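Here are a few notes to keep beside you as you look at this model for the first time. Take them in any order you like.

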Amino acid sequence: MEISETIRYIGVEDRDIDLFESQYVVPEGITYNSYLILDEKTALMDTVDSRKTKNWMENLKAELKDRKPDYLVISHLEPDHAGSIAAVAAEYPEMALVGNAKTFAMLPQFFDISLEGRTLVVAEGQELSLGSHTLQFFMAPMVHWPEVMVTYEQTEKVLFSADGFGRFGMPEDDGNWACEARRYYFNIVGKYGVQVQALLKKAAALDIRKICPLHGPVLDENLPYYIEKYDTWSSYRPEDKGVLIAYASVYGNTAKAAEELAELLRENGEEKVVVSDLAREDMAEVIEDAFRYDRMVLASPTYDGGLFPCMESFLMHLKSKGYQKRTVGLMENGSWAPMAAKQMRQILEGMKEITVIEQAVSIRSSLNDKSREELKALAEQIGEAY
Ligand code: FEO
């Protein structure tokens with residue numbers, strides 16, 4: 001990736017990781033971005049996952065030529081970025097490590113390296129001159145860990161945004177940036193909307209020409225588009241009008257009801273209806289859709305007197321990611337004692353500003369005339385809830 005003559009991309013691709021953070025499928029892989037600023041002093045902006053230390057070190061040396069790094073700026077200590085700190089600190093013993101107080105409180109938990117005499121502790125708004133470039137540091141706690149900070153380079157007006165504006169996939173796949181950026185955002189940073197809003201306010205005071213995140217493409221045009229997406233996502237506003245129907249189904253009868261509801265909604269003029277099988281689809285993708293659309297219907301069998309496991313897991317994920325400000329309809333199935341609607345309602349009551357449609361559809365094993373009437377009523381109410 002090309003940033004400028006003096007700001008060099010030295011990141012690496014990881015195309016063979018099975019699950020990012022041991023839970024997210026990344027069919028196109030992911031990049032661990034890292035940058036090198038060449039000036040009178042040289043500054044290395046983050047390292048990479050230890051899976052790729054060797055490749056990264058080669059990239060670093062190729063750009064440094066016969067120079068050495070003077071500073072390593074540590075934006076974030078999560079191992080996908082900090083995983084090569086020990087290796088680079090050993091290779092360049094005179095390099096200073098730049099971080100904030102929280103960075104250096106946490107760093108020894110990960111690495112057994114001597115920090116004596118080689119740390120530069122920075123605070124909100126502090127500047128560090130490299131010559132013609134000046135770095136300015138802004139704290140971004142909980143975007144996505146407590147020690148996170150972002151760095152603004154004043155001369156070229158570049159924001160090094162840590163995980164912010166990051167994305168699964170390869171930089172060249174940016175034809176549809178939002179798809180994988182949204183899945184990344186809600187699953188990884190979604191809980192921290194308030195903190196992202198605080199960071200956006202700080203960013204609004206800066207003249208930013210390029211955003212260099214720690215994953216995915218460098219953003220250097222149409223920046224208001226990306227910032228507007230982040231503003232929508234972090235304020236929990238629905239991005240699009242539409243209905244997600246997320247279902248669990250043991251034998252296919254609840255799945256059939258979910259599809260019939262989708263058909264009714266479409267007949268009623270609903271343009272965007274997404275039906276997702278929680279047992280088979282990527283849970284992270286379904287979570288993304290839950291946040292993307294303004295309404296959701298949950299359909300679950302009753303199982304061992306509770307919810308079918310994938311529905312329970314989905315609801316726990318939504319709760320932990322801060323799902324809120326939406327309208328939700330419920331559909332349950334039960335052959336002798338349907339309980340799922342009551343239990344889903346109870347979990348939803350623990351979330352903020354969720355309107356649950358009073359009348360749930362209750363199916364006894366498979367749809368019949370009575371439950372089909374309820375399905376029609378739910379379709380009407382979901383339509384009116386927009
Ligand atoms: Fe990409 Fe929170 O690490």
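The points below go through the sheets, the core and the aromatic pairs.

1. **Before you start.** This is a predicted model, in which local features need pLDDT of at least 70 and side-chain atom pairs count only at pLDDT 80 or more, while totals for chains, interfaces and linings use all residues. Residues are numbered from 1 along each chain as its sequence is written, and side-chain values use heavy atoms, with hydrogens and water left out.

2. Strands here are DSSP runs of E with at least two residues, helices are runs of H or I with at least four, and both are numbered from the N terminus; two strands pair if DSSP finds at least two bridges between them. Angles are taken between lines fitted to C-alpha atoms, for helices over the stretch in contact, and run from 0 to 180 degrees between N-to-C directions.

3. Strand E4 (residues 35–38) and strand E5 (residues 42–45) run antiparallel and are joined by four bridges; Tyr35 has Met45 in E5 as its bridge partner.

4. **The five-stranded sheet.** Another open sheet has five strands in the order E9-E10-E11-E12-E13, also with mixed pairing. Strand E9 (127–129) and strand E13 (210–212) stand at its edges with a single partner strand each, so one side of each is left without a neighbour in the sheet. Neighbouring strands are turned by 20 degrees against each other on average, direction ignored. E9 and strand E10 (residues 134–139) run antiparallel over three bridges, and Leu128 has Leu135 in E10 as its bridge partner.

5. **Strand E11.** How many of the residues of strand E11 (residues 149–153) are buried? Five of its five are, where buried means under 20% relative accessible area, exposed over 50% and partly exposed in between (1.4 Å probe, protein chains only). Met149, Thr151 and Glu153 are on one side of E11, and Val150 and Tyr152 are on the other. Five bridges join E11 to E10 in an antiparallel arrangement, with Glu153 as the bridge partner of Leu135. E11 also pairs with E12 in the antiparallel sense, over three bridges, and these two strands form a hairpin with four residues between them; in the turn, Lys157 has a positive phi of about 60 degrees.

6. Leaving aside neighbours within four places in sequence, the contacts of Leu298 include Ala246, Phe314 and Leu348.

7. **Aromatic pairs.** A search of the whole structure finds 21 aromatic pairs. Rings of Phe, Tyr and Trp (its six-membered ring) pair if their centres lie within 6.5 Å; planes under 30 degrees apart count as stacked, over 60 as edge-to-face and the rest as tilted. Tyr24 and Phe168 form a tilted pair, 6.0 Å centre to centre with 40 degrees between the planes. Tyr24 lies in the loop between strand E2 (12–14) and strand E3 (30–32) and Phe168 in the loop between strand E12 (158–160) and H5, so the pair ties together parts 144 residues apart in sequence. Phe168 is buried, with a relative accessible area of 0%. Phe168 and Tyr184 form an edge-to-face pair, 5.2 Å centre to centre with 75 degrees between the planes.

Terms used. Contact means heavy atoms within 4.5 Å.
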